[in-house]
Amino acid sequence: MLIIRLPIHINEKSAEPLYHQIEAQLRALILSGRLQENELLPSNRELARQLNCSLITIRRVYQDLETEGLLRTRQGTGTFVAPVDRSLHQQKKLSGVQEAIASAIAAALTAGCSREEIEELVRKELGRQTGGVTGE
């Protein structure tokens with residue numbers, strides 16, 4: 001049996017709920033095209049095991065993304081990436097990114113970071129992830 005591993009990383013120190021971290025990353029993988037239409041995802045149990053979280057958490061993530069139209073489940077076969085309406089692709093992609101940024105900013109504010117500190121953290125992380133190119 002082929003075991004599918006998704007590049008999802010959990011930050012246990014984050015104020016963001018675990019299910020939200022998983023959901024946002026899985027949504028981004030789908031909308032970015034890194035997960036292709038009709039690609040089989042790990043079972044609920046397998047993904048829960050891989051991420052060391054509860055089965056209920058993964059069921060919620062899969063159900064939420066199925067409600068959004070990004071996943072579809074076939075009884076007895078598994079959960080697959082649904083066809084993404086390309087006209088809505090950009091809107092959903094930006095919405096998911098905006099949601100992730102809002103959560104990160106809320107966590108930073110909760111931790112007591114100032115606006116300037118948050119902006120500097122974003123600049124540094126953007127530079128790290130883009131090889132130093134931040135668009136400035």
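1. The loop between α2 and α3 holds asparagine 52. Helices here are DSSP runs of H or I with at least four residues, strands are runs of E with at least two, and both are numbered from the N terminus. Phi of asparagine 52 is near 55°, a positive value in a residue other than glycine. Asparagine 52 is exposed, with a relative accessible area of 69%. Buried means under 20% relative accessible area, exposed over 50%, and partly exposed in between, using a 1.4 Å probe and protein chains only.

2. Some ground rules. This is a predicted model, in which local features need pLDDT of at least 70, side-chain atom pairs count only at pLDDT 80 or more, and totals for chains, interfaces and linings use all residues. Residues are numbered from 1 along each chain as its sequence is written, and side-chain values use heavy atoms, with hydrogens and water left out.

3. On confidence: pLDDT is the predictor's confidence in each residue, from 0 to 100. The protein has a mean pLDDT of 88, and 90% of its residues reach 70 or more.

4. On the overall layout: the protein has 5 helices and 2 strands. Along the sequence they follow the pattern α-α-α-β-β-α-α. Of the 136 residues, 30% count as buried. The protein exposes about 9100 Å², and carbon and sulfur atoms supply 53% of that area. Accessible areas come from the Shrake-Rupley method with a 1.4 Å probe; for residues, only the protein chains shown count as cover.

5. On contacts, meaning heavy atoms within 4.5 Å: take those between residues at least 6 apart in sequence. Of these, 52% join residues at least 24 apart.

6. Helix α3 deserves a look. It spans residues 55–67, has 13 residues and reaches 18 Å from its first C-alpha to its last, close to the 18 Å expected at 1.5 Å a residue. The expected span is 1.5 Å times one less than the number of residues. Its buried residues are Leu55, Thr57, Ile58, Val61, Tyr62 and Leu65. Seen down the axis of α3, these residues fall within an arc of 165°, so they line one face of the helix. The arc is that of the directions from the helix axis to the C-beta atoms. An α-helix has 3.6 residues a turn, so residues three or four places apart point the same way.

7. What does the buried side of α3 pack against? The partners are α1 (18–31), α2 (44–51), β1 (71–74) and β2 (78–81). On the other side of α3, Ile56, Gln63 and Thr67 are exposed. Just after α3, glycine 69 takes a positive phi of about 90°.

8. The strands β1 and β2 run antiparallel and are joined by 4 bridges. Two strands pair if DSSP finds at least two bridges between them. Arginine 74 has glycine 78 in β2 as its bridge partner. The hairpin has 3 residues between the strands, and its glycine 76 takes a positive phi near 80°.

9. Asparagine 38 sits in the loop between α1 and α2. Its phi is positive, about 70°, although it is not a glycine. Asparagine 38 is partly exposed, at a relative accessible area of 39%.

10. Where is cysteine 113? It is found in the loop between α4 (86–110) and α5 (115–129). Cysteine 113 is partly exposed, with a relative accessible area of 24%. Not counting residues up to four places away in sequence, cysteine 113 touches Ala108 and Ile118.
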